Amino acid sequence: MSKQILVLPGDGIGPEIVAEAVKVLQVANDKFKLDIELSFDELGGAAIDKYGVPLADATLERARGVDAILLGAVGGPKWDKLEPSIRPERGLLKIRSQLGLFANLRPAILYSQLADASSLKPEVVSGLDILIVRELTGGIYFGQPRESKVLENGERMAYDTLPYSESEVRRIARVGFDMARVRGKKLCSVDKANVLASSQLWRAVVEEVAKDYPDVELSHMYVDNAAMQLVRAPKQFDVMVTDNMFGDILSDEASMLTGSIGMLPSASLDANNKGMYEPCHGSAPDIAGQGVANPLATILSVSMLLRYSFNQGAAAAAIELAVSKVLDQGLRTGDIYSAGMTKVGTQAMGDAVVEALRSL
Ligand code: NAD
């Protein structure tokens, strides 16, 4: 039976970078006989323009019915003045939570060809290969109650709630251990257990899960120290597992170690490895429509899709190798350009990856 992928290009540079990723996916489909079928719909601002809401019910139903989703990015100034509940980002949060995509995998890999693009010294980052596993559907971004109010004395106040249940921690911890098991066998769980009750539970449950993974070396680190260690000596990490908010911040920090957010893919998985795949960056309205965006993060998201949702490791590795070959050829989009390289646009970069993949 064919495997179904729903493609949601989104806003800004989304349609431009997704078009290149789809070209690469189609070549991989032919080359590796993957039997993939694509369908297309809208999310975010494009969905607001077409359907009046950032995620239409019919789109959500379609997303439930497919095997995987490929997303560009959502948002942009055109929709920034809308009321928060119907802004583009709401569509993204809704599709993640409705599909139960609780495990966000964000690799931070430094391609050796781009070592100069990092703001850290090459010896600190060369060979960097970290995977951050972030809990995506719980914690403070979803916790209730949350409220902004005016006190009797006239002062404004607001609060959020950071809840985690044992089962939520257990399932994300398992993803962290499973990933560590097939990589460097080291898992660092990041929390703030010296202060937060939710982190104390987090740490206790991670310790319990560790008993099933005697082959994985577990360590714990407070989030403030983890933020510091990531810039001091990032290569000490293999897999990091952490909650929603800490993961949001640390994964952005880790992404910059590699020099460009335009290179970094991500996966958000449910309990059955059904997933939504997207670049880590946003819709980059400042360069949208100019044909200069880097499509490699989205192309590498296709590689993650094939590996995690379709178990097609060989096809995934071929795409990664094709990307590496294109970097070897000296082709660079503006965000990763350095002197002596050949500057190319979005489409030329996509074409080069297609060519490299075909000729493998
Ligand atoms: P951004 O990631 O879109 O852009 C940050 C900077 O990186 C910009 O200078 C941009 O030009 C550059 N950049 C990003 N991707 C690039 C690429 N592929 N190639 C070259 N350069 C690239 O973040 P932002 O400016 O904070 O947000 C812009 C919009 O994107 C906002 O509406 C925001 O809400 C949305 N956003 C969406 C997602 C998502 O869809 N998952 C994530 C983050 C931000």
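**Exercises on a predicted model**

Ser 266 is found in strand S11, residues 265–269; strands (E, at least two residues) and helices (H or I, at least four) are DSSP runs numbered from the N terminus. The model is a predicted one, in which local features need pLDDT of at least 70 and side-chain atom pairs count only at pLDDT 80 or more, while totals for chains, interfaces and linings use all residues. Residues are numbered from 1 along each chain as its sequence is written, and side-chain values use heavy atoms, with hydrogens and water left out.

**Exercise 1.** Determine whether Ser 266 counts as buried or exposed, and list its contacts.

*Solution.* Step 1: buried means under 20% relative accessible area, exposed over 50%, and partly exposed in between (1.4 Å probe, protein chains only). Step 2: Ser 266 has 4% relative accessibility and therefore counts as buried. Characterise the setting of Asp 41 in the loop between strand S2 and helix H2.

*Solution.* Step 1: the loop that holds Asp 41 runs between strand S2 (36–40) and helix H2 (45–51). Step 2: because its relative accessibility is 8%, Asp 41 counts as buried. Step 3: a polar contact is a pair of N or O atoms within 3.5 Å; within protein, one must be able to donate a hydrogen and the other to accept it, and residues adjacent in sequence count only if both atoms are side-chain atoms. The side chain of Asp 41 makes such contacts with the side chains of Tyr 51 at 2.7 Å and Arg 62 at 3.4 Å.

**Exercise 2.** Identify the members of the largest nonpolar core that touch the most other members.

*Solution.* Step 1: a nonpolar core is a set of buried Ala, Val, Leu, Ile, Met, Phe, Trp, Tyr and Cys residues joined through side-chain atoms within 4.5 Å. Step 2: in the largest core, of 67 residues, Leu 105, Val 133 and Leu 306 touch the most other members. Step 3: helix H11 (residues 313–328) gives the most to this core, with eight residues.

**Exercise 3.** State which residues come nearest to the ligand, and describe the polar atom pairs.

*Solution.* Of the 19 residues around the ligand, Glu 89, Gly 282, Ala 284, Asp 286 and Asn 294 come nearest. Step 2: oxygen atoms of the ligand lie 2.6 Å from a polar side-chain atom of Glu 89 and 2.9 Å from a side-chain N or O atom of Asp 286. Step 3: for Ser 283, a backbone N or O atom lies 3.1 Å from a ligand oxygen.

Definitions and conventions. Near = heavy atom within 4 Å.
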